[in-house]
Amino acid sequence: MPSTSSDDWPDSLANHPIIDAINSGALGGVNLSGSHKCQQTMVQRQTDLFIASGSQLRVASLASNFKGHHLRTIIAEALDFEIHHLVLNPTGNLLAVAGEYQVALVALPHAATGDASPKDLECQSFQVGAHYHASKVGKPIAQVSWHPWGYEGSTLLVMTSDGSLREYNVSDDHTTPSQQISFFPRSFFAGDEEDREIVSFTIGKSRADWAPLTLYAVTRLGDIYSICPYLPQRASVPPSYIHSLDSFVFEKREVLSRGTSTAAKKLATMYEHQSAYVAGLLEQLPRGSKSPSFSLKETVLVQPPQNLKKQNPTRQGPFILRPFPSGLEHSTIVNEVTDMTYLSLGGHILEEDGEDQFEAENLGVLLLAYKDGRVDLCLDVDKIEARWEVNSSLRETPMLLVYESIDLGLISKLEGLDSAFISQLERNYPSFYHDPIHDGTVFVYHALGVHSLDAWPLLDHLRRALKQNDEATAPIEFETCLRTCPPTDVVPILTTFSVEKKSSSPVIGLAITDDIYLPYSAIILTSEMRVSCFPLFLRTDYTTPGFPSSSSDDATQALTSATGALTLSTSAPEKRRKWLLPIPNQPPPYVSLLANLPWNSPAVLDDPLPDLPLASSNSKQRDAMLTPESLRYLGKTVSALQSQIYQVQVAHRKTQQRAELQKQEVVRAATKAKEMIDKVERLKGPSRDHINARHAKVLAMQRTLLDRTEKMLHSIMKAVAPELTADEKEWFEELGNLRKEVEGKGVFDPEGLAHRTRILDAEFHRIIPMMTQAKLKEAKEVSEGEKLGFKEAFEFGKQSEEKRVAIEKLEKLTKEVAQKVDALWTPWYPITERDREEFKSDS
């Protein structure tokens with residue numbers, strides 16, 4: 001729920017110089033007539049706020065109550081078009097800037113608003129896919145997005161209105177797409193080209209099926225298509241997902257193998273392709289890697305498997321919406337889709353038996369926004385699976401379950417006005433913005449303001465109902481759950497429509513702060529370049545990841561005061577990691593001053609003021625008279641106000657006491673942290689030296705024990721076998737004979753193989769120079785044109801043949817001697833260079 005209280009931070013944001021500069025014309029104006037698509041001209045990176053107007057881009061700091069403001073103008077040569085959309089990559093160093101037809105990238109510095117930064121900040125920029133997105137002749141840009149699994153956050157996806165999705169790996173090549181996928185090939189025909197206009201696309205989310213490898217696209221008329229599998233050319237994928245996908249496909253094949261129908265046999269080919277695809281992903285994992293403990297932070301670099309490179313994924317759809325959503329009452333405008341997004345709940349990490357356990361149930365949700373302010377919540381119950389064109393005969397129409405249609409109340413706000421003004425909603429383009437903190441919350445900004453959609457209670461209720469394990473009572477409990485399931489909580493945050501002026505300023509930018517130095521707030525930018533900031537409250541009143549539901553009978557505590565760590569505690573015996581178990585029968589090392597449960601503010605501070613009773617008055621009577629009725633009115637009013645004041649005072653005292661307790665807890669926690677740091681330093685210092693000394697002493701003792709063990713082993717061997725056996729004696733005699741054969745009686749013994757080898761080596765080195773000179777002489781004679789006679793040629797050939805035979809004998813003898821020498825042991829004395837020189841002089 002948003003808070004309407006004003007703080008210094010929102011007030012200072014309204015007077016920020018970046019807004020004054022825009023209003024003064026420093027950045028130009030906003031042309032709404034040409035803005036026919038969803039706009040997002042404001043993004044936030046930590047404490048930096050980027051706002052675009054026209055073709056210019058500015059950045060300012062949001063920290064420290066804007067002291068100094070640090071206002072900067074970004075100078076980028078590639079920004080020569082009107083900016084409609086800003087998208088920041090996951091690493092925060094690249095900003096994708098999209099216009100109606102062009103796309104550019106701006107490389108952002110790490111500190112864009114520091115004190116040392118110049119007033120005009122020059123940033124490197126370049127156009128993306130200039131051949132495809134550079135002129136108005138091409139197709140308009142439908143949406144620009146960064147792939148969440150792109151390697152180092154450098155995979156940019158650009159969707160054009162004709163259904164062509166181009167992937168750019170901007171770290172390598174920003175001009176040529178690394179992949180290109182078309183939702184509407186040339187061979188496809190579906191009526192008018194405007195009916196096939198793509199307005200948005202999104203990527204599925206899950207932890208154990210094909211959803212993260214699925215692309216969803218929606219047309220202007222609401223037709224939804226999907227393509228699976230799709231993976232960037234360079235993707236950082238969690239190994240846990242690959243192993244989970246392998247298990248998912250394996251279980252599917254196991255179930256399919258039990259069937260004998262014709263449909264099961266046809267599906268076997270599809271699952272064979274899926275198994276081959278997953279096998280190609282598993283081959284790229286590091287060797288020896290096993291199924292990791294579901295750590296989503298660990299990623300590996302993978303590429304699309306090459307074993308199915310020739311097989312193109314087939315397009316699936318259009319989806320069937322059941323039941324078909326009905327339009328809003330009193331809506332006269334064309335029912336067209338403007339945006340689509342995907343939510344996924346479930347997959348919380350638990351701990352059991354010292355190992356990480358994973359809850360793989362995921363509930364996928366597709367949200368569709370329409371021009372008239374309707375939002376359809378569709379459950380992805382029929383999960384998309386990977387299919388290739390070779391499986392086109394198995395084409396089935398996928399289905400989405402339309403669970404809820406939400407009315408944002410845009411038409412009701414315009415009741416009583418001219419129909420011509422209501423028709424202006426045809427230029428209304430609602431857009432989604434995900435809450436970076438709460439998974440189940442999404443914001444919708446449009447021409448009349450901003451709404452918050454909180455679907456977590458609804459989806460968490462459904463997820464718990466789907467987990468019923470009792471087959472007998474599961475259908476009944478699920479039906480009961482559907483009847484008692486709470487609807488999506490819709491909260492209007494800002495309304496830009498003015499009844500007096502009969503006009504509205506469309507919202508063109510939204511940012512939700514999630515930085516540690518900024519309060520959790522919503523920053524809203526309108527087309528008139530007015531900024532509104534609304535503080536938001538962090539939710540603690542219902543189930544969040546890692547916390548049990550407060551309404552569950554099995555759930556008990558969500559926090560343990562002994563360690564201060566978040567753990568899951570149920571009626572079952574408490575299970576933790578074995579190496580984190582506390583010492584039994586010992587007091588906890590640290591006890592928090594705060595209670596086990598999180599602090600909840602008193603209800604009186606959240607509830608609005610009570611409605612005071614109104615006194616009846618006679619309109620004909622000019623002067624007020626003191627009557628018993630007026631006295632009773634004053635008494636009731638004073639009593640209600642006194643009761644409210646007393647409750648507020650009590651709540652104020654409780655809040656002050658809690659604040660003082662938290663301050664004390666902060667001091668105690670800081671002191672305890674300092675003690676832990678000092679202990680770590682001691683362990684690194686004297687304690688480590690003492691341990692190293694003991695380690696060296698243990699190593700020395702180990703060597704002494706090894707020497708004693710070796711001596712003891714020799715003595716035992718001598719005691720067991722004091723004399724050599726006949727075979728051992730024969731072996732040693734053979735070795736001695738071989739040594740004599742090789743070494744001879746002395747160094748210069750002519751019968752020794754070593755001596756003969758040296759002679760051959762010397763003869764070889766003596767003949768080689770002669771042969772080289774003869775070869776050079778022959779080449780010279782041929783070059784000079786001299787011709788030999790028959791007799792000279794015969795003599796020369798005869799000599800060459802004799803030398804060739806002698807060389808072959810010499811090489812053969814050398815090889816035999818070398819083989820015998822290699823087969824023998826090394827001589828008992830080394831042959832020095834002096835011996836070699838004496839041998840050469842004697843020979």
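In what order do the 4 strands of the open sheet run? They follow E10-E11-E12-E13, with antiparallel pairing. This is a predicted model, where local features need pLDDT of at least 70, side-chain atom pairs count only at pLDDT 80 or more, and totals for chains, interfaces and linings use all residues. Residues are numbered from 1 along each chain as its sequence is written, and side-chain values use heavy atoms, leaving out hydrogens and water.

**The open sheet**
- Strands (E) are DSSP runs of at least two residues and helices (H or I) of at least four, numbered from the N terminus; two strands pair if DSSP finds at least two bridges between them.
- Strand E10 (141-146) and strand E13 (179-182) are at the edges with a single partner strand each, so one side of each has no neighbour in the sheet.
- Strand E11 (residues 155-160) pairs with strand E12 (residues 164-169) in the antiparallel sense over 5 bridges.
- Met159 has Leu165 in E12 as its bridge partner.

**The nonpolar cores**
- A nonpolar core is a set of buried (under 20% relative accessible area, 1.4 Å probe, protein chains only) Ala, Val, Leu, Ile, Met, Phe, Trp, Tyr and Cys residues joined through side-chain atoms within 4.5 Å.
- The largest such core has 37 residues, of which Trp210, Leu213, Ile224, Leu231, Val237 and Tyr277 touch the most other members.
- Elements supplying at least two residues each include helix H3 (239-257), helix H4 (262-282) and strand E21 (337-346).
- H3 gives the most, with 4 residues.
- Apart from this core lies another, of 30 residues, among them Leu363, Leu408, Val442 and Ala465.

Conventions
Buried < 20%, exposed > 50% of the residue type's maximum accessible area, 1.4 Å probe, protein only.
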